[in-house]
Amino acid sequence: MIDCRDVPSDSNCTLAIAGDDVDDLLDAAVLHATSKHGHADSPELREGIRGGLKPVETAMA
């Protein structure tokens, strides 16, 4: 999963996205980052998001 609350932002976004397929999860997170936060889809963005992924169990503890 990825949780926007883990990344400081001016909008104080609280969206969390979870899924079993890492590629689908990454695509959804990139779409959110580009459409809602104004980021450009780039290899750096994708790598940063991938680095922020964590198991759902850890996030919900």
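Reader: Where is the place of Lys-54?

Author: Lys-54 sits in the loop between H2 and helix H3 (56-59). Helices (H or I, at least four residues) and strands (E, at least two) are DSSP runs, numbered from the N terminus. The model is predicted, so local features need pLDDT of at least 70 and side-chain atom pairs count only at pLDDT 80 or more, while totals for chains, interfaces and linings use all residues. Residues are numbered from 1 along each chain as its sequence is written, and side-chain values use heavy atoms, with hydrogens and water left out.

Reader: Which residues make up the largest nonpolar core?

Author: A nonpolar core is a set of buried Ala, Val, Leu, Ile, Met, Phe, Trp, Tyr and Cys residues joined through side-chain atoms within 4.5 Å. Here the largest has nine residues: Ile-2, Ile-17, Leu-25, Leu-26, Ala-29, Val-30, Ala-33, Leu-45 and Ile-49. Helix H1 (22-37) and helix H2 (43-52) are the elements that give two or more residues to this core. H1 supplies the largest share, five residues.

Reader: How do H1 and H2 pack?

Author: Two packed helices are described by the angle between their axes and the distance between the axes. Axes are lines fitted to C-alpha atoms, for helices over the stretch in contact, and angles run from 0 to 180 degrees between N-to-C directions. H1 and H2 pack at about 120 degrees, with axes 10 Å apart. That makes H1 oblique to H2; angles under 35 degrees count as roughly parallel, over 145 as roughly antiparallel, 65 to 115 as roughly perpendicular and the rest as oblique.

Reader: With which residues is Arg-46 in contact, leaving aside its neighbours within four places in sequence?

Author: Contact means heavy atoms within 4.5 Å. With those neighbours set aside, Arg-46 is in contact with Leu-26, Asp-27, Val-30 and Asp-41. Arg-46 lies in helix H2 and, at 26% relative accessibility, counts as partly exposed. The C-alpha atoms of Arg-46 and Val-30 are separated by 6.8 Å, the two residues being 16 residues apart along the chain.

Reader: Which residue has a positive phi although it is not a glycine?

Author: Asn-12, with a phi of about 55 degrees. Asn-12 is in the loop between strand S1 (2-3) and strand S2 (16-17), and is exposed at a relative accessible area of 59%.

Notes. Buried < 20%, exposed > 50% of the residue type's maximum accessible area, 1.4 Å probe, protein only.
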